[in-house]
Number of protein chains: 2
Amino acid sequence: MKKSETLRIAIVGATGLVGRTFLKVLENSFIPIAKLDLFATSRSAGTSIVFKNKELIVQDIKNINFANYDVALFSAGKDASKEFAPLAVKNGTLVIDNGSYWRMHPQVPLVVPEVNFEDAFKHKGIIANPNCSTIQLVVALKPIENKFKIRKVEVSTYQAISGAGQKGINKLLKEIETGVPVDTLSKHPIAYNINFHTIQSKFGFSEEEIKIINETRKILHRKNLKISATCVRIPVLVGHSEAVSVITKNEFSLEEVEEVWRQSPGIIIVDDPQNEEYPTPKMVEGTDSVHIGRIRRNPAEKNGLMFWVVADNVRKGAATNAIQILEHLWKVAPERIFSFQKMFK
Amino acid sequence: MKKSETLRIAIVGATGLVGRTFLKVLENSFIPIAKLDLFATSRSAGTSIVFKNKELIVQDIKNINFANYDVALFSAGKDASKEFAPLAVKNGTLVIDNGSYWRMHPQVPLVVPEVNFEDAFKHKGIIANPNCSTIQLVVALKPIENKFKIRKVEVSTYQAISGAGQKGINKLLKEIETGVPVDTLSKHPIAYNINFHTIQSKFGFSEEEIKIINETRKILHRKNLKISATCVRIPVLVGHSEAVSVITKNEFSLEEVEEVWRQSPGIIIVDDPQNEEYPTPKMVEGTDSVHIGRIRRNPAEKNGLMFWVVADNVRKGAATNAIQILEHLWKVAPERIFSFQKMFK
């Protein structure tokens, strides 16, 4: 029997970079927590993690009884989401999944609270958190779409290696320290270098590029949106940056663009380039907002807008966004946490 | 009295990163050198530099007598080029200038040998070497322009900090070592971060972005070419990368595109992304070619082509290109080294 004054929360994948950040973000959340249990795959079970000055022992996900939880926050990788999310749903537990497995499923809303929170209401047990590079992009695009209508988007990303989790960070730091390439994630070094994400498609796009394209279309409800992407990992620890070029249907002035962004939640404008004021990865580390700068007209396009958007990929790009989904639901429609039509019976 | 069997060469700015690379490239050049003297501003005069196992002492540029040289290779910064290039020309000495000061001057050809060598013939004493980010871009664009005609170009750069010379390299390495930001070039750290180039224009474009736009137009003889750019410095020591998106007038197949590139000089294709074969900065360090990969269709455009282009910015992006201009002239029109109509009398 589910209660509704407080929440019983399970974190699945608690030992990973995003899992640990779930905890940091939850520590400062207004959500009243009745119970918080941590889970991970057997490899990491037994780890102890401190939450609000209390030591919690991470349990093996195989032993979870979802009936004990109202909500499960997942960030344990594709396979764990695939296997355990349906089990959670069958038990009536709402899953907020940071992994990629369920994002494009037609019954799974893909939600960025500032952008399409209303989609979350329609969930059937799983709400997916978008990919990190998508989240900051759609936060910037949505106000432009609302006011000026978007005809086309082109994005080049400058992504932090923490997008690949703790092992990405370890690879970069080890390579910097030793000067020797570490053969994880990519056969190429990332220290003083670039990497691309895994490329499987015969059309030459990386998994990451396909995510940014498909997820942006789904979140903006523009399934035929013209959008292309080049996604690149650079030797930055935290903070994804994106060079974005948009063509709008309606005319705009740069003042109007800035104004709609300023009036939109979750956005901070940092744009005085002549005084070197622009968003950088270092600047946004530890923050929860999407930072926009380098706002200018594209000289090669009618109604062409160019800008630079930076966010903490581990927080707003992952953990913070997931917790924000839960917070919004708790605030405006708590009944949808405790009771919903199940996509798995 | 100028001779024509060998060349008397002055290097102006010999102690800088590009100046030193001039020497490395010249060591392997077929150009018969009768005399090679090194110059720099008074701050660096007195430095000793080894060329072909011989120690050369760098002299103060103020004491140069250009009449003693057939050619002067400049890489001593804007001010030195502005002051001393006219003096060289008046003395009948051909200047090949790596700096930005003369590049857009209507009487100064801006030359990449693979792209527009014929422009060099019209020089009036100064031939300008384009900016590093421009050179690799136009080497990739020219064959596409020839065969398919370019309608539009959009480029996002991932530039090595050596674009700012030795002090850029020092900034990055020092910041990595100490964890403390070094307040040169930018008030922002570059270690695990990004920087933009100086931004003065009220239209919000950086100097570097304006260079890439104007120089590409001049070199391709397309003064109204639609082109936009975002130029970014990343924590890479050597090797500029560029994500390029082109729209062509004529239809193409990816096979045709690859074929025209393979048949063009100065280009190496590295494009088997499913096996992680793509150009990276680390891979091109010390090479003289422009490396192209990630060749794919833009799903958002008719006749849209996307690719990734990487080159050693200190070599092909600066020193090598300048020496190649001299080599080409020596091979096909040596008389234009020794005798030319002077833009300064």
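In the predicted model, strands β12(A) and β13 of chain A, the latter spanning residues 290-297, pair in the parallel sense over three bridges. Within this pairing, Ile267(A) stands opposite Val290(A) of β13(A). Both strands belong to an open sheet of six strands in chain A, arranged in the order β10-β9-β11-β14-β13-β12. Pairing across the sheet is mixed. The edges are formed by β10 (226-230) and β12 (267-269) of chain A, each of which pairs on one side only. From one strand to the next, the twist averages 25°.

A helix of chain A is also placed against this sheet. Helix α6 of chain A, comprising residues 207-219, lies across β9 (150-158) and β10 of chain A. Relative to β10(A), the helix runs at about 150°.

In chain B, a helix pair was examined. Two packed helices are described by the angle between their axes and the distance between the axes. For helix α1 (residues 17-27) and helix α9 (residues 315-332) of chain B, the axes come within 9 Å and cross at roughly 55°. At this angle, α1(B) is therefore oblique to α9(B). The crossing of the two helices, α1(B) and α9(B), is right-handed. On the side of α1(B), the contact is made by Val18(B), Thr21(B), Phe22(B), Val25(B) and Leu26(B). The contributing residues of α9(B) are Arg315(B), Ala318(B), Ala319(B), Thr320(B), Ala322(B) and Ile323(B). Classified by residue type, the contact of α1(B) with α9(B) contains eight nonpolar, two polar and one charged residues.

Key: Residues numbered from 1 in each chain as written. Chains lettered and ligands numbered in written order. Predicted model: local features only at pLDDT ≥ 70, side-chain atom pairs only at ≥ 80, totals over all residues. Pairing = 2+ DSSP bridges. Helix = DSSP H or I, 4+ residues; strand = E, 2+ residues; numbered from the N terminus. Axes fitted to C-alpha atoms, helices over the stretch in contact; angles between N-to-C directions. Contact = placed C-beta atoms within 7 Å. Parallel < 35°, antiparallel > 145°, perpendicular 65-115°, else oblique. Left-handed = near helix turned anticlockwise from the far one by under 90°. Nonpolar A, V, L, I, M, F, W, Y, C, P; charged D, E, K, R; others polar.
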